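Let's take a friendly look at how two protein chains meet. The sequence and the model come first, and the walk through the interface follows.

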Protein chains: 2
Amino acid sequence: MKTRDRILAAALELFNLQGERKVTTNHIAAHLGMSPGNLYYHFKNKQEIIYELFLIYEATVDSNLDVPTERKLTIEDKLNYLQKVFQGLWEFRFIHRDMEHLLLGEERLHTRYRAFFRRCQLKTEAIYQGLHDANIIQINRRDLEGLALNTWIVVTSWYSFLQCNLLLDVNENITQDMLKGGIYQIFQLERPYLSDEYRGRVEAMQEAFIPKPEWLTPPQTT
Amino acid sequence: MKTRDRILAAALELFNLQGERKVTTNHIAAHLGMSPGNLYYHFKNKQEIIYELFLIYEATVDSNLDVPTERKLTIEDKLNYLQKVFQGLWEFRFIHRDMEHLLLGEERLHTRYRAFFRRCQLKTEAIYQGLHDANIIQINRRDLEGLALNTWIVVTSWYSFLQCNLLLDVNENITQDMLKGGIYQIFQLERPYLSDEYRGRVEAMQEAFIPKPEWLTPPQTT
């Protein structure tokens with residue numbers, strides 16, 4: 001593995017575990033048993049590392065949201081999209097953990113993120129249109145656009161929701177399982193639009209993601 | 001106006017305009033032409049001011065979400081709930097602007113916020129149940145709970161959504177009008193459950209909140 005990639009992998013691991021704000025380039029270098037000078041040779045500061053990691057995340061999401069042109073979408077595609085999106089959220093969770101802090105004041109990253117959002121909206125709309133064309137959901141264009149926007153908001157806010165509303169300030173407590181609980185809420189957004197033909201099968205899929213009660217009512221808040 | 005209340009009012013104004021993180025107790029004292037000592041006499045630190053402001057916000061929301069027991073809900077109630085909720089979001093927008101930063105590491109506030117969330121969920125579920133009982137929406141219990149949770153997520157994430165996805169790092173650019181655009185997205189969440197009896201009237205209500213296109217496609221991202 002190239003030094004540059006080792007730095008990115010270590011930074012991602014530390015950002016996810018401790019939060020980007022608490023991790024310095026010195027921590028990353030120390031974690032790799034590398035001199036700060038060697039790290040600076042590859043990245044001139046932490047912002048460069050964050051930007052590079054975002055580009056990797058962005059490319060992953062972009063490819064995950066592609067819609068096949070040669071065939072109709074299936075309900076397995078629908079589940080697959082959700083699984084990949086939430087897998088990406090988990091692997092790059094530091095991005096959604098403290099987003100204002102990450103974006104505001106970082107003009108280059110913020111501008112790139114806004115364009116990423118617009119692109120994701122168009123791709124999400126294309127997916128919902130594909131599900132409509134396959135008669136998995138039945139939805140008109142305007143509702144489709146509103147649904148796509150609410151989908152973006154719930155997906156990108158889910159990690160923050162878990163942090164602020166469910167857990168104590170021990171971010172390591174957020175498990176991938178809990179993060180996947182967000183998949184249930186996305187199914188819930190789409191559920192009213194399911195066609196009679198597919199409703200039963202899609203609702204059965206959703207069952208697998210029912211949030212565990214203790215997530216929504218942790219002892220300390222009841 | 002009592003000094004204590006003047007301090008809270010000034011803090012709220014500065015937090016909303018500049019972001020809580022950028023405002024110190026000295027800024028607040030200076031803004032009031034008051035000595036830091038005088039401010040400390042009333043609040044021993046910024047956390048105390050933030051906590052006090054949160055208690056005011058919490059009390060406002062709690063009363064805004066009450067469901068009348070002596071009569072059925074009307075579609076005017078529904079609109080009224082949304083307008084009050086988004087009015088509160090605007091008046092205390094600093095809370096939703098950088099929530100992780102505000103809550104994490106502030107155990108007392110975080111614990112209180114989690115209990116607030118649980119209470120709001122129950123009240124939101126009661127409102128949706130009331131709309132169901134008045135035959136404004138038709139929804140089963142499980143969908144109602146999922147809808148209430150998505151409603152919370154979209155409402156509490158809307159300010160952050162505007163900041164991260166639409167605007168440059170000039171928070172003053174977020175107008176009350178843009179914030180109210182979130183009302184449209186909440187209507188959108190409920191829309192599939194509208195009864196035939198009320199669908200037309202409620203959809204007409206939603207029209208008033210259609211987001212202006214330039215909000216979702218600012219020049220710099222297209």
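In this predicted model, the two copies meet through the same surface, because 100% of the interface residues of chain A are also interface residues in chain B. In terms of contacts, 52 residues of chain A touch 52 residues of chain B.

| Feature between chain A and chain B | Value |
|---|---|
| Buried area | about 4,400 Å² |
| Share of buried area from carbon and sulfur atoms | 53% |
| Salt bridges | 4 salt bridges |
| Polar contacts (both residues at pLDDT 80 or more) | 23 residue pairs |

Which parts of chain A give two or more residues to the side that touches chain B? They are helices H6 (93–97), H7 (99–103), H8 (107–133), H9 (141–166), H10 (176–190) and H11 (196–207) of chain A. H9(A) gives the most to this side, with 17 residues. By type, the residues on the side of chain A that touches chain B divide into 23 nonpolar, 17 polar and 12 charged.

A:Glu100, A:Arg114 and A:Arg142 supply 15% of the area that chain A buries against chain B, more than any other three residues. A:Arg142 also forms a salt bridge with B:Glu207, with an N to O distance of 2.9 Å between their side chains.

Conventions
Residues numbered from 1 in each chain as written. Chains lettered and ligands numbered in written order. Predicted model: local features only at pLDDT ≥ 70, side-chain atom pairs only at ≥ 80, totals over all residues. Heavy atoms only, no water. Contact = heavy atoms within 4.5 Å. Buried area = accessible area lost by both parts, 1.4 Å probe. Polar contact = N/O pair within 3.5 Å; in protein donor to acceptor, adjacent residues only side chain to side chain. Helix = DSSP H or I, 4+ residues; strand = E, 2+ residues; numbered from the N terminus. Nonpolar A, V, L, I, M, F, W, Y, C, P; charged D, E, K, R; others polar.
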